[in-house]
Amino acid sequence: MNNISIREVLRLTNPNIIDIRNSYYYNMEHIPGAINIPYYDLLTNYKYYLNKYSIYYLYCDEGDQSTEVSNRLNNFGYNTMSISGGYEEYLKIFK
């Protein structure tokens with residue numbers, strides 16, 4: 001599995017965090033430092049957003065969709081990890 005906890009991600013220096021939820025939810029609230037690339041945009045334009053020399057940490061609401069997207073992107077040769085539990089896990093720990 002290519003999952004990582006939110007605690008581990010936030011211990012990293014300048015992690016590339018991508019919120020794959022739609023922009024409405026991102027604009028309401030998101031993990032500090034995250035950028036928003038909705039999942040459909042990321043899957044259809046990944047070459048535009050990602051490079052194969054960086055690691056990206058993806059999250060959605062609960063972690064299921066980001067795990068699926070991460071697996072697909074890794075199959076294309078990118079280095080991604082899904083944040084376990086997604087934004088809901090972040091809220092449980094930090095809010």
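Two strands count as paired here if DSSP finds at least two bridges between them, and the strands themselves, like the helices, are DSSP runs numbered from the N terminus, with at least two residues (E) for a strand and at least four (H or I) for a helix. On that basis, what you see above is an open sheet of 5 strands in the order β1-β5-β4-β2-β3, with parallel pairing. At its edges stand β1 (3-4) and β3 (35-36), each with a single partner strand, so one side of each has no neighbour in the sheet.

Before I go on, a word on the source: this is a predicted model, in which local features need pLDDT of at least 70 and side-chain atom pairs count only at pLDDT 80 or more, while totals for chains, interfaces and linings use all residues. Residues are numbered from 1 along each chain as its sequence is written, and side-chain values use heavy atoms, with hydrogens and water left out.

Let me stay with the sheet for a moment. β4 pairs with strand β5 (residues 79-83) in the parallel sense over 4 bridges, and isoleucine 55 stands opposite asparagine 79 in β5. Across β1, β4 and β5 lies α5, which runs at about 170° to β5; such angles run from 0 to 180 degrees between the N-to-C directions of axes, which are lines fitted to C-alpha atoms, for helices over the stretch in contact (heavy atoms within 4.5 Å).

Now to the interior. A nonpolar core is a set of buried Ala, Val, Leu, Ile, Met, Phe, Trp, Tyr and Cys residues joined through side-chain atoms within 4.5 Å, where buried means under 20% relative accessible area with a 1.4 Å probe, protein chains only. The largest such core has 13 residues, and Ile18, Leu42 and Leu58 are among those with the most contacts inside it. Two or more residues come from each of α3 (39-44), β4 (55-59) and α5 (64-75). Apart from this core lies another, of 12 residues, including Ile6, Val9, Ile17 and Tyr57.

Finally, the aromatic rings: how many aromatic pairs does the structure hold? There are 7, a pair being two rings of Phe, Tyr or Trp (its six-membered ring) with centres within 6.5 Å, called stacked if the planes are under 30 degrees apart. Tyrosine 59 and tyrosine 87 are stacked, at 6.1 Å centre to centre and 25° between the planes. Because tyrosine 59 lies in strand β4 and tyrosine 87 in helix α6 (residues 86-94), the pair ties together parts 28 residues apart in sequence. Both tyrosine 59 and tyrosine 87 are buried.

How values were computed
Buried < 20%, exposed > 50% of the residue type's maximum accessible area, 1.4 Å probe, protein only. Phe/Tyr/Trp six-rings, centres within 6.5 Å; stacked < 30°, edge-to-face > 60°.
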